[in-house]
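Thank you all for coming. I would like to walk you through one structure this morning, taking the overall picture before the details.

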Amino acid sequence: MTVVEESNIDRATRSEWIGLWVLALALAMIVLDGTIVGVSLPVIIQDLDLSLTEAQWVNSLYSVVFAALLLTFGRLGDRFGRRKLMIAGVAVFMLGSVMAALSGAGGLLIASRALQGVGGALVLPSTLSTVNATFRGKDRAAAFGVWGAVMSGAAALGPLLGGFLTRVADWPWIFWVNIPLGVGVIAAAIFFVKETRGGHEAGGFDVLGPVYSALGFGALVFGLIEGTSLGWWKPRAEFGLGPWAWPADAALSPVPLAIAFGIIIIALFVWRESRRTGSNLSAMLDTSLFRIQTFSWGNITAGLVAVGEFALVFILPLHLTTSLGLNVLGAGLVLAAMAGGAFMAGALARHLAARFGSPNVVVLGLVLELVGLLGTALMVTMSAPAWLLAIVLLPYGLGLGLASAQLTSVVLHDVPVSQSGSGSAVQSTVRQVGSALGSAVGGTALAIALRGNFRAADPSTFADAAGVAIWAAAGVLTLGLAASLMVRHAAKR
């Protein structure tokens, strides 16, 4: 297969449009897996006897591993070929799915989710960079419209599909479904997806960058998730890691140390990448991109939106099954209101952007998301019926579709073509870090409101706690709305 250089790509051919839908299917598969587990968690918790902390890890470790490796694999795809890495990623993802489906204990399921995260990190930057390298002009706007609609729609569709499969079969089928999808993606990619690579690489290879990234983000998310079980300051339980143990009678819990360590390592990572970029050495994180205001504020917006979205996706299924007594299919049907809204808005976003501008569409989308989230918090606290909850979720889904469909285009709009691979990887990383933090923040707020009494909470108490957690998610989304206003301001300059 002939390698296509990014500077020589003309108008898209019919084969390239088919290739776009192959890439979209690969994207849908990995995005679905970020949310499909949430609605099935109550059944998985009962079947495998998971604690709330283990449930958080099942939900968030996928995103943690995903985020830690995205920049590295984005660079490798630029160097060795994006289609190659995408196919390898789908294969790894399928292996993780088989392991997850066969899991009989929480530990194996959590490890399987980590392997799926490796596969997802191989797939996402490869597909996004391929779209960015293949399409130009009007074709580019249409391609990113498809991309955004698939990303937002698949994320919202995950809970419905998870509820359906768990109800009519059993929860392992939320993982088995990836096998035929993966086989189809690999076969179609061989015929319809062209191999692309990036331009000239700076000198050297950033060996330590992936280590700092993984350690920093991993430690930060670990602290947020484990705080309620290990203690935020004083130890509540012993923590063991292989032969090493942190005693329950220690003066300080490992949680604040993990959070502090994560923040320090992330700061060191950014400083080191900035030095390498300034010295014209290969860097995982091209810090020069953050001088572009639309890129900087757009990524802040994307991260905060992901925190709010994945906090909601973690909390709401537990509320629907625990507080309202719905089965997993019923919970999935309620959450389908989000999916419906996201798909409808994703299809309209490109036309609205052509008339009002992408930054304005992003702001409109976040306003609708915030309205939906505030309404959801009120309905949950009042233990409102499921049908009423579905109604208030509709504007949230509409907003999600509008914002997600145009945010990628806004973030990459002012990025030079020669740096598009780096920009795509950074944006994808920010989204995945936000996803992991969203599960952590949602679960932590829920656990704090329940005072650690997860299993013994009655429906009314659980509803009150879920409401508090969703109010916290709304606070994060408010910050995202403020950041989107800065994006709009920067775009007008």
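Predicted model: local features only at pLDDT ≥ 70, side-chain atom pairs only at ≥ 80, totals over all residues.

Residues are numbered from 1 along each chain as its sequence is written, and side-chain values use heavy atoms, with hydrogens and water left out.

Taking helices as DSSP runs of H or I with at least four residues and strands as runs of E with at least two, numbered from the N terminus, the protein has 15 helices and four strands. Of its 493 residues, 61% count as buried.

I turn now to the salt bridges, where a side-chain nitrogen of Lys or Arg lies within 4 Å of a carboxyl oxygen of Asp or Glu; the structure holds three of them. In one, the side chains of K194 and E16 meet at 3.3 Å, N to O, and because K194 lies in the loop between α7 (178-192) and β2 (196-197) while E16 is in helix α1, the pair ties together parts that are 178 residues apart in sequence. K194 is partly exposed at 32% relative accessibility, whereas E16 is buried at 11%.

In another, E195 and K84 meet at 3.2 Å, N to O, and this pair links the loop between α7 and β2, which holds E195, to helix α3 (residues 82-101), which holds K84, 111 residues apart. E195 is buried at 3% relative accessibility, and K84 is partly exposed at 46%.

The remaining salt bridge, between the side chains of R272 and E273, spans 3.3 Å, N to O; here R272 is buried with a relative accessible area of 16%, and E273 is buried too, at 0%.

Where does D49 lie? D49 sits in the loop between α1 (14-48) and α2 (52-80), and although D49 is not a glycine, its phi is positive, at about 55 degrees. As a general point, most residues other than glycine have a negative phi. D49 is also exposed, with a relative accessible area of 57%.

How values were computed: Buried < 20%, exposed > 50% of the residue type's maximum accessible area, 1.4 Å probe, protein only.
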